Amino acid sequence: MPKTFNSIWVHIVFRTKLSRPYLSWEIRNEVCEYIKTHGNLKGYNIDTVNGVKDHLHLLLRIKTTQTVAEAVQWIKGASSRWLNQKYNWKDGFAWQEGYGVFSVSLHDIKMIRNYIYKQEKHHKENSFVDRFEYVPKPQKRGHE
């Protein structure tokens with residue numbers, strides 16, 4: 001096979017440091033656009049980015065030559081530098097050290113994409129316990 005084919009999709013979640021609500025609707029839209037545009041220019045296939053005031057979700061297709069850790073490191077580093085330069089907050093902006101990462105099957109990409117797009121609605125409808133590292137369960141397939 002002359003070319004390598006892969007379908008490695010991951011859903012990544014990370015929070016602001018101390019879960020501070022820095023990401024108002026306007027700022028969140030700007031940083032999501034920044035992450036998607038600059039990440040794709042950097043060679044990361046960022047499909048979807050969205051979140052709420054204190055965290056973001058991303059759907060990312062990883063190349064065989066990339067690692068999740070390097071992608072997250074670049075995304076968090078570049079976006080925090082950009083946010084600090086643009087907004088110059090007194091306390092400074094930072095993401096938490098860790099992150100959640102979940103593999104996504106081809107069958108579930110549309111569902112995860114929809115879940116990421118609807119973050120505000122999801123967080124209005126669910127309690128804190130439901131929100132804590134929530135990942136939607138795969139839908140039952142017709143043949144199961």
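Predicted model: local features only at pLDDT ≥ 70, side-chain atom pairs only at ≥ 80, totals over all residues.
Modeller: Two strands pair if DSSP finds at least two bridges between them.

Colleague: In what order do the 4 strands of the open sheet lie?

Modeller: Strands of a sheet pair through backbone hydrogen bonds, either parallel or antiparallel. Here the open sheet has the order β2-β3-β1-β4, and its pairing is antiparallel.

Colleague: Which are the edge strands?

Modeller: The edge strands are β2 and β4, the latter spanning 100-104, and each of them pairs on one side only. Between neighbouring strands of this sheet the average turn is 20°, with direction ignored.

Colleague: Is β1 mostly covered or mostly uncovered?

Modeller: In a regular strand the side chains alternate between the two faces of the sheet. In this model β1 is mostly covered, as 7 of its 8 residues are buried.

Colleague: Which residues of the largest nonpolar core touch the most other members?

Modeller: That core has 26 residues, and those touching the most other members are Leu23, Ile35, Ile46, Leu56, Leu58, Leu60 and Leu83. Two or more residues come from each of β1 (8-15), α1 (25-42), β2 (45-52), β3 (55-62) and α2 (68-87). The largest share, 7 residues, is that of α2. A second, separate core holds 8 residues, including Leu59, Ile109, Met111 and Tyr115.

Colleague: With which residues is Leu83 in contact, leaving aside its neighbours within four places in sequence?

Modeller: Apart from those neighbours, Leu83 is in contact with Leu23, Ile27, Val31, Asn88, Trp89, Phe93 and Trp95.

Colleague: How many aromatic pairs are there?

Modeller: A pair of aromatic rings is described by the distance of the centres and the angle of the planes. The count here comes to 8 aromatic pairs. One of them, Phe14 with Trp95, is edge-to-face, at 4.7 Å centre to centre and 90° between the planes. This pair links distant parts of the chain, since Phe14 sits in strand β1 and Trp95 in the loop between α2 and β4, 81 residues apart. Both Phe14 and Trp95 are buried.

Colleague: Why is the pair of Tyr22 and Trp89 tilted?

Modeller: The planes of Tyr22 and Trp89 stand at 50°, so the pair is tilted; the ring centres are 4.6 Å apart. Planes under 30 degrees apart would count as stacked, and over 60 as edge-to-face. Tyr22 lies in the loop between β1 and α1 and Trp89 in the loop between α2 and β4, 67 residues apart.

Colleague: Is Trp89 buried or partly exposed?

Modeller: Trp89 counts as partly exposed because its relative accessibility is 21%. Tyr22 counts as buried, because its relative accessibility is 13%.

Colleague: Which residues form one aromatic cluster with Phe14?

Modeller: Phe14 forms one aromatic cluster with Tyr22, Tyr87, Trp89, Phe93 and Trp95.

Note on methods: Residues numbered from 1 in each chain as written. Heavy atoms only, no water. Core = buried A, V, L, I, M, F, W, Y, C linked by side-chain atoms within 4.5 Å. Buried < 20%, exposed > 50% of the residue type's maximum accessible area, 1.4 Å probe, protein only. Contact = heavy atoms within 4.5 Å. Axes fitted to C-alpha atoms, helices over the stretch in contact; angles between N-to-C directions. Phe/Tyr/Trp six-rings, centres within 6.5 Å; stacked < 30°, edge-to-face > 60°.
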